[in-house]
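Have a look at the sequence and the model, then read on.

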Amino acid sequence: KQWYQRRVRATGKETGLCIGVGINVNNDEPTVSLAKVFGLKISVPKLASKVCCLFMEEMCLFNEKGYEQFVERFCQVWLHRDKRVRISVGAINCDAVIKSIDSDGYLSVFNLATHKNVSVQPDGNSFDMMENLIAVKSF
């Protein structure tokens, strides 16, 4: 079978899983590449191998320690943690700070106006980190 047709077992039920990752290795535009940041020629196959190995380590942590410890470790090194963003819903805008991932896997932000944590669901939202903006998608 192809890699994308394999199955995994979770709590006695068959579950399909597909995970995608995008890493700019060698393209200088429109963002910066890893090669430019580190000033090295980077082998895409070696990088992919390393990413897969690290991913498996994190999956083992998740399986052994559970969701809470996985998220705690993830947030320690997360690029977006404590990033100030603007949430836009129509004419309503508010400033917030990205804090974590909630128990359902959604982005958890701290609303600076209400001083409450709010979960931002990915369905129907656009997350533009270049503009520090989370906005409802317009279709």
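## Helix H2 and its ends

Helix H2 covers residues 44–65, and its 22 residues should span 32 Å at 1.5 Å a residue. The C-alpha atoms at its ends sit 31 Å apart, which agrees. That expected span is 1.5 Å times one less than the number of residues. Helices here are DSSP runs of H or I with at least four residues, strands are runs of E with at least two, and both are numbered from the N terminus.

At the start of H2, Ser43 has a side-chain oxygen within 3.3 Å of the backbone nitrogen of Lys46. After H2 comes Gly66, with a positive phi near 95°.

## How the model is read

This is a predicted model, where local features need pLDDT of at least 70, side-chain atom pairs count only at pLDDT 80 or more, and totals for chains, interfaces and linings use all residues. Residues are numbered from 1 along each chain as its sequence is written, and side-chain values use heavy atoms, with hydrogens and water left out.

## The overall layout

The protein has 3 helices and 8 strands. Starting at the N terminus, they run β-β-α-α-α-β-β-β-β-β-β. Of its 139 residues, 19% count as buried (under 20% relative accessible area; exposed is over 50%, partly exposed is in between, with a 1.4 Å probe and protein chains only).

## The largest nonpolar core

The largest nonpolar core has 12 residues: Val71, Cys75, Trp78, Val85, Ile87, Cys94, Ala96, Ile98, Ile101, Leu107, Val109 and Val120. A core like this is a set of buried Ala, Val, Leu, Ile, Met, Phe, Trp, Tyr and Cys residues joined through side-chain atoms within 4.5 Å. Helix H3 (67–76) and strands S3 (84–89), S4 (92–101) and S5 (107–111) each give two or more residues to the core. S4 brings the largest share, 4 residues.

Val120, a core member, lies in strand S6 (residues 116–120). It counts as buried because its relative accessible area is 13%.

## Asn111 in strand S5

Asn111 lies in strand S5 and is buried, at 11% relative accessible area.

## Around Ile19

Ile19 sits in the loop between strand S2 (13–15) and helix H1 (34–38). Its relative accessibility is 43%, so Ile19 counts as partly exposed.

Key. Polar contact = N/O pair within 3.5 Å; in protein donor to acceptor, adjacent residues only side chain to side chain.
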